[in-house]
Amino acid sequence: MVAGAKLFRIQKIQLEEMKTKFSDNAVKAVFFGRFIAILRIFSSPMAGVVEMPLGKFLAVNFAGAVTWASVMTTLAFFVGKVVSLEQLLEWVSKFAILALLIAIGFITIPLWLESRSIKSGEGE
């Protein structure tokens with residue numbers, strides 16, 4: 001089993017299915033991955049796993065980065081004209097706290113449920 005698959009508790013068959021699905025959509029995933037935080041983290045390693053050509057990866061990643069930076073800069077400029085900095089900071093901090101709680105939940109709940117199922121399986 002691949003080391004990353006073992007770390008993330010992914011079966012080999014699941015890894016192969018993910019590899020096939022990702023390779024079909026690798027260009028879109030790398031480009032739009034700039035706009036989605038989790039995808040931003042995993043799109044580059046997955047592009048390597050599916051053996052996306054380096055030149056193609058660099059071109060798509062560069063195009064995605066330039067597009068993302070342009071959109072974010074434009075949004076920041078116009079939001080700065082409409083929303084006060086204090087209000088923006090309040091919204092961002094509330095969103096960050098909510099996102100952190102959701103992320104913690106997505107990590108801890110499956111681990112907790114898995115440990116409960118293992119313990120209940122041992123008791124039989």
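A: Let's start with what covers the buried residues of α5: the cover includes α3 (26-32) and α4. Here, contact means heavy atoms within 4.5 Å, and helices are DSSP runs (H or I, at least four residues) numbered from the N terminus. The buried residues in α5 are F57, V60, N61 and G64, where buried means under 20% relative accessible area, exposed over 50%, and partly exposed in between (1.4 Å probe, protein chains only).

A word on where this comes from: the model is predicted, with local features needing pLDDT of at least 70 and side-chain atom pairs counting only at pLDDT 80 or more, while totals for chains, interfaces and linings use all residues. Residues are numbered from 1 along each chain as its sequence is written, and side-chain values use heavy atoms, leaving out hydrogens and water.

Helix α5 itself (residues 54-82) has 29 residues and reaches 41 Å from its first C-alpha to its last, close to the 42 Å expected at 1.5 Å a residue. That expected span is 1.5 Å times one less than the number of residues.

Now follow α4 (residues 37-49) to another partner: its axis and that of α2 (residues 12-24) come within 10 Å and cross at roughly 100°. Axes are lines fitted to C-alpha atoms, for helices over the stretch in contact, with angles from 0 to 180 degrees between N-to-C directions. The two helices are therefore roughly perpendicular, a label for 65 to 115 degrees. On the α2 side, M18, K19 and F22 make the contact, and on the α4 side S43, M46, A47 and V49.

Terms used
Angles under 35 degrees count as roughly parallel, over 145 as roughly antiparallel, 65 to 115 as roughly perpendicular and the rest as oblique.
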